[in-house]
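Hello,

Here is the structure we talked about. My notes on it follow below.

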Amino acid sequence: MEPVLVWVGVAYDPVAKRILVTYGDDNNSGYGTMVVGTVSSSSISFGTATVYNSGTTTGHNLSTFDNNVNKLLIPLKDNGTNGNGKIFEATINTSNNSVSTGGAYTFISFGSGSDGITSNPPPSVAHFPGT
């Protein structure tokens with residue numbers, strides 16, 4: 001079954017020279033899903049989509065690359081855990097266009113309607129508008 005996109009975000013990894021597309025898949029309970037894309041001069045080819053958050057996932061289309069740790073950071077609102085604000089780390093494997101997550105860090109542990117900041121320097125900022 002094809003995914004039904006609830007939201008979509010894209011970030012570029014300059015080390016892997018690939019894009020990471022993140023989205024909520026309404027055909028899979030709104031789970032947070034990601035896929036690696038390789039951009040050529042005339043097309044984009046994609047690897048296999050991977051679920052990285054098994055809960056209804058919203059509010060994150062602002063993924064970014066942190067060059068201090070060479071990882072993509074994916075902020076999200078996890079409605080499967082009472083709307084906690086989380087940041088996932090992701091690393092692209094260029095040999096097979098796959099992506100793995102290193103960890104999920106909760107930076108707000110209640111219904112997100114506020115700003116949050118991670119505690120490990122250098123800090124990365126995530127913002128969720130009030131819902």
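**What turned up**

Asp 78 is buried, at a relative accessible area of 3%. Buried means under 20%, exposed over 50%, and partly exposed in between, with a 1.4 Å probe and protein chains only.

This is a predicted model: local features need pLDDT of at least 70, side-chain atom pairs count only at pLDDT 80 or more, and totals for chains, interfaces and linings use all residues. Residues are numbered from 1 along each chain as its sequence is written, and side-chain values use heavy atoms, with hydrogens and water left out.

Asp 78 has a partner. Its side chain meets that of Lys 86 in a salt bridge, 2.9 Å from N to O. The term needs a side-chain nitrogen of Lys or Arg within 4 Å of a carboxyl oxygen of Asp or Glu. Lys 86 is buried as well, at 13% relative accessible area. The structure holds 1 salt bridge.

Next, the rings. There is 1 aromatic pair. Tyr 52 and Phe 88 have ring centres 5.2 Å apart and planes at 75 degrees, so the pair is edge-to-face. Centres must lie within 6.5 Å; planes under 30 degrees apart count as stacked, over 60 as edge-to-face, the rest as tilted. The pair links distant parts of the chain: Tyr 52 sits in strand β5 (residues 50-58) and Phe 88 in strand β8 (residues 84-93), 36 residues apart. Strands are DSSP runs of E, at least two residues, numbered from the N terminus. Both Tyr 52 and Phe 88 are buried.

Last, Ile 44. It is partly exposed, at 45% relative accessible area, and lies in strand β4 (residues 44-46).

Best wishes

Note on methods
Helices (H or I, at least four residues) and strands (E, at least two) are DSSP runs, numbered from the N terminus. Rings of Phe, Tyr and Trp (its six-membered ring) pair if their centres lie within 6.5 Å; planes under 30 degrees apart count as stacked, over 60 as edge-to-face and the rest as tilted.
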